[in-house]
Amino acid sequence: MANDIPIVDLADIGLHHLDKPRQSTVDRVANELNSAFSTVGFVYLRNHGIEQQTIDNVFQASKSFFQLPDTIKDVYRCGKPDSESDGYTGKDQEILDVSSLHEIREAYDVASPDGFYPDQHAPEFRKAINKLAPQLSELTTRLLKCMALALDLEEDFFSSRHQFMFQGAEKNRTIFRSLYYPTLSDADIQPGVVRCGAHSDYGAITLLLQDDMGGLEVLSKGEWIPATPIRGTILVNLGDLMQFWTSDRYVATVHRVLVPEEEVRRRSTRQSIAFFVHADNGVMISPIDGSEKHLPVEALAYLKSRISATYK
């Protein structure tokens, strides 16, 4: 356990194992994921099999873009909220908590290897992401199979509905997002100013890779607890659609990123990588227990409705 968020050792389910995992490992991981997602809604994954250098390369390439002048970054700005375009999102362009005065972060989204990348000004960006994103897709598939087994479903129940992750927005709206939290001035430190407002994620699950700065907090049992970075792990949380799918058995936990109290951290940047996993376009999400606890919703339509409410 780390601050009440459990750590799950993937062992031979991790990507460094090419052979079929032992059934005992699958059963253990399925049970541990089931316990975590039924309670706190977050879990750290250890021995996931992705090399730290692969992750660090994305952080480095992303930082080279985010530190460019605003006039250059604006060339790559995202289009309309309901469009299928990749691109850059600036400070306060996405407001996740309506009570926030400002949300000081930047992001760059891509949905496929062939998407809209800042090749001219950050030439390593595409290469770094296209090495990491397929590995996150494969890791997600393995996790979805464990989750299905934990829910007494066919092993491929979820994975067969997530076949086109990171293969283009016309098939699936899974997004690889590089996040950058710039340094803050004294003027930025005021009530209502946050890094990322309190929210739940929209899709099935999210895989989050953090640097060592911290700041992420998770709302668990009415209290905010820190999701402290643990080097070598990936943090995973549930999204709204998975909560709908499981008829609230699994929880899409609210989380946020506040302005750190420590002065040294206020003067430092923060980075993270979020792999927002979404079901394939056209997939209908309805409770697997057959109840009417949630109305059926189409995956893409739900996502567009949530995005349109948060983007300015």
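This is a predicted model: local features need pLDDT of at least 70, side-chain atom pairs count only at pLDDT 80 or more; totals for chains, interfaces and linings use all residues.

**Packing of two helices**

Helix 2, which spans residues 52-66, packs against helix 4, residues 124-150, at an angle of about 145°, and the two axes are 9 Å apart. The crossing of helix 2 and helix 4 is left-handed. On the side of helix 2 the contact is made by T54, I55, N57, V58, A61 and S62, while helix 4 contributes E124, F125, A128, I129, K131, L132 and Q135. Sorted by class, the residues of this contact between helix 2 and helix 4 are 7 nonpolar, 4 polar and 2 charged.

**Aromatic pairs**

A pair of aromatic rings is described by the distance of the centres and the angle of the planes. The count of aromatic pairs in the model comes to 17, and two of the edge-to-face pairs are set out here.

| Pair | Centre to centre | Angle between planes | Geometry |
|---|---|---|---|
| F37 and Y250 | 5.8 Å | 65° | edge-to-face |
| F176 and F275 | 6.5 Å | 70° | edge-to-face |

F37 belongs to helix 1 (residues 23-37), whereas Y250 lies in the loop between helix 5 (240-245) and strand 13 (255-257), so this pair ties together parts that are 213 residues apart in sequence. Both F37 and Y250 are buried. The other pair joins two strands, since F176 lies in strand 6 (residues 175-181) and F275 in strand 14 (residues 270-277), and it therefore ties together parts that are 99 residues apart in sequence. F176 has a relative accessibility of 0% and so counts as buried, and F275, at 0% relative accessibility, likewise counts as buried.

Ring pairs also link F65, F66, Y76, Y88, Y108, F116, Y117, F125 and Y180 into a cluster. Within this cluster, F125 is also one of the residues through which helix 4 makes its contact with helix 2.

**Charges over rings**

The charged end of R161 sits over the ring of F157, at 4.1 Å from the ring centre. R256, in turn, lies over the face of W224, 3.8 Å from the centre of that ring.

**A residue of helix 1**

Leaving aside neighbours within four places in sequence, A30 is in contact with C146 and A150. The C-alpha atoms of A30 and V8, which are 22 residues apart along the chain, are separated by 9.8 Å.

Note on methods. Residues are numbered from 1 along each chain as its sequence is written. Side-chain values use heavy atoms; hydrogens and water are left out. Axes are lines fitted to C-alpha atoms, for helices over the stretch in contact, and angles run from 0 to 180 degrees between N-to-C directions. Helices (H or I, at least four residues) and strands (E, at least two) are DSSP runs, numbered from the N terminus. A crossing is left-handed if the near helix is turned anticlockwise from the far one by less than a right angle, and right-handed if clockwise. Contact means heavy atoms within 4.5 Å. Ala, Val, Leu, Ile, Met, Phe, Trp, Tyr, Cys and Pro count as nonpolar, Asp, Glu, Lys and Arg as charged, and the others, Gly among them, as polar. Rings of Phe, Tyr and Trp (its six-membered ring) pair if their centres lie within 6.5 Å; planes under 30 degrees apart count as stacked, over 60 as edge-to-face and the rest as tilted. Buried means under 20% relative accessible area, exposed over 50%, partly exposed in between (1.4 Å probe, protein chains only). A charge sits over a ring if NZ of Lys or CZ of Arg is within 6 Å of the ring centre and within 35 degrees of the ring normal.
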